[in-house]
Structures are given as structure tokens and as C-alpha cells.
Amino acid sequence: MIEVRDLQVRYGGRLVADVPALDVGAGECVAIVGESGSGKSTTLLSLLGLTENAEISGHVRVCGVDVLSASQKALREIRGARAALVMQSPQAALSPATRLGVLLRRALKLHGRPATDEVMARALEAVVLDREILRRYPHEISGGQAQRFAIALAIALGAEVILADEPTSALDVTVQAEVVGVLRRLRAERGLALLLVSHDLALVSTIADRVLVMKDGAVVESGPAAEVLAQPSHPYTRELLEALP
Ligand SMILES: Nc1ncnc2c1ncn2[C@@H]1O[C@H](COP(=O)(O)OP(=O)(O)OP(=O)(O)O)[C@@H](O)[C@H]1O
């Protein structure tokens, strides 16, 4: 679903992300961890061609599309529909004066998907949200509900890949667990590929199969999550683990 080789992203000549290899298959979850400014978000955004003003080189394939050479039209076709981005505070991206039901229907139409009650009901069911939420405005829902709604939107649009940037860091611990539970179930039941950016190693240990540790734009360590987190080989990973509460 995601295949990255020798990806380098520069802003104004400065190398901010250097990722030799990153693969996420159907039903897998890979997490990119590292402190603030290490290049995690830049890596994620570059996979959908969303890094403005950046100089990018390497090979990136997402859902079979060669992202770095694709036309804007081809990118628009995978973005949102086949590969969905879930951000830290999705409420900010939702139009404040539009009820969620209208928003969901519009998104489905925009992507040429059937905007039926059944499609919407199934997507909400998958993220354990009551249908009643469709009557609400974005400011009338909680952070956890907004996050689950963003995931429901991705599912209704038929997403095969979810790219999530700190999807639970704005949420309290119990709500975090709910959102993580939803993501885990979607992986298992629908074979969704999940690329997660997080500074939260406790979260990563509960969901990721593999981990990439980034520092100052470079991947300093990568491997199966259980191994990297149990026996980190790089001092920086050990530091991150020691910083856990
Ligand atoms: N549009 C941009 N123009 C110039 N520099 C940028 C731009 N976006 C990011 N950077 C720089 O790239 C580097 C990596 O930033 P990035 O946001 O990818 O890090 P991060 O690990 O995701 O951090 P955080 O966890 O704080 O989001 C930083 O030094 C940042 O200042």
C-alpha cells in the first residue's frame, strides 16, 4: 500500500527528512516516532504530495500511484478517498456552520461514491458513533468523536490507507484508548494499512507492527515494534523510552 525508497525532503536546501525505506502493507501498522522537529510530519505529508515548497527526491508509491511524478489529478484521486489523512485536531478542518451529516454526504458525492443512508450508517457503526451525530455541528462534538468521525469519513470514502498524524495526542487517556481500539479493529477487519506518526511510545507499543525512529531528519533505528521498544539499539531510542512516564 505504501512503498518508500530513498525519500529526501528539503526546505530551502535543508534536509529535513531522509527515509531510506518505509513499507506498509494491507492490514499493517507502521509508526514513525521521534521528538518534535525530527521530520515525522514532513515524511507523512510528502507521501500524499502535500509538502508545499519542498524539494523532494526518491520513490514513493501509495495505492499504486507514483506520488512524486503523478499529476495533480491523479493525486486528488487517491487523497481523501483511497489514502486518508487523519490529523491531530480534525475539528479545525471541518466547516463550522455545516452539520456533520451534510458534510459526510458532500464528501461522498465529491468522490463519486453513493451517499446513501446505508453507507453512512455502516461507516459510523465501524467507529462506534451514534447516527444522531450527523445532526450536530463540529463544535458540538468532543475531540474523540471528531477523531472517530474523521476515520468514519475515510471509511465511507473507501480508504485503504490511513495516514494519521498524532491522532490521539489531543485526547484524554480513556478517549485515546477508544480511538486506538477503532483503528486496531479496522486494520484487522478491513485490512486497512495504517501509518501513524506519534511521539507517544506507549500508544505505539499497543498498535504498531514496525517502528521507525527519527532524529534530526534521519531514521536512526527501525524494526519490529516489540524488538525496538524492548531492546533499543540506538541511544536516542533509549532516551525516548526513558522519558516515558
Ligand atoms: N513548510 C515548511 N517550510 C520550511 N521548513 C519546514 C516546513 N515544514 C516543516 N519544516 C521544518 O522541517 C523540520 C521537520 O518538521 P516536522 O514538522 O516534519 O517535524 P515533526 O517531527 O513532525 O515535529 P512535530 O512533532 O512538532 O510535528 C523542522 O525543522 C521544521 O521547521
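These legends walk through close-up views of a predicted model. Local features are described where pLDDT is at least 70, side-chain atom pairs count only at pLDDT 80 or more, and totals for chains, interfaces and linings use all residues. Residues are numbered from 1 along each chain as its sequence is written.

**View 1. The shell around the ligand.** Tyr11, Val16, Gly34, Ser36, Gly37, Ser38, Gly39, Lys40, Ser41, Thr42, Asn53 and His199 surround the ligand (a residue is near a molecule if its C-beta atom, placed from the backbone, lies within 6 Å of it). Helix α1, residues 40-46, gives the most to this shell, with three residues (helices, H or I of at least four residues, and strands, E of at least two, are DSSP runs numbered from the N terminus). By class, the shell has two nonpolar, nine polar and one charged residues; here Ala, Val, Leu, Ile, Met, Phe, Trp, Tyr, Cys and Pro count as nonpolar, Asp, Glu, Lys and Arg as charged, and the others, Gly among them, as polar.

**View 2. Ser41 in helix α1.** Ser41 lies in α1, and it is buried because 20 other C-beta atoms lie within 10 Å (20 or more makes a residue buried, 12 or fewer exposed, and in between partly exposed, with C-beta atoms placed from the backbone). Leaving aside neighbours within four places in sequence, Ser41 is in contact with Asp165 and Val197 (contact means C-beta atoms, placed from the backbone, within 7 Å).

**View 3. Helix α5 and the residue that follows.** Just after α5, Gly158 takes a positive phi of about 85°.

View 4. Strands β9 (residues 210-215) and β10 (residues 218-224) run antiparallel and are joined by six bridges (strands pair if DSSP finds at least two bridges between them). Look for Val213, which stands opposite Glu221 in β10. Two residues sit between the strands, and Asp216 takes a positive phi near 50°. Asp216 counts as partly exposed, with 15 C-beta neighbours inside 10 Å.

**View 5. Glu166 in its loop.** Glu166 is found in the loop between β7 (161-165) and α6 (173-190). Most residues other than glycine have a negative phi, yet phi is positive at Glu166, about 45°. With 19 other C-beta atoms within 10 Å, Glu166 is partly exposed.

Notes:
Contact = placed C-beta atoms within 7 Å.
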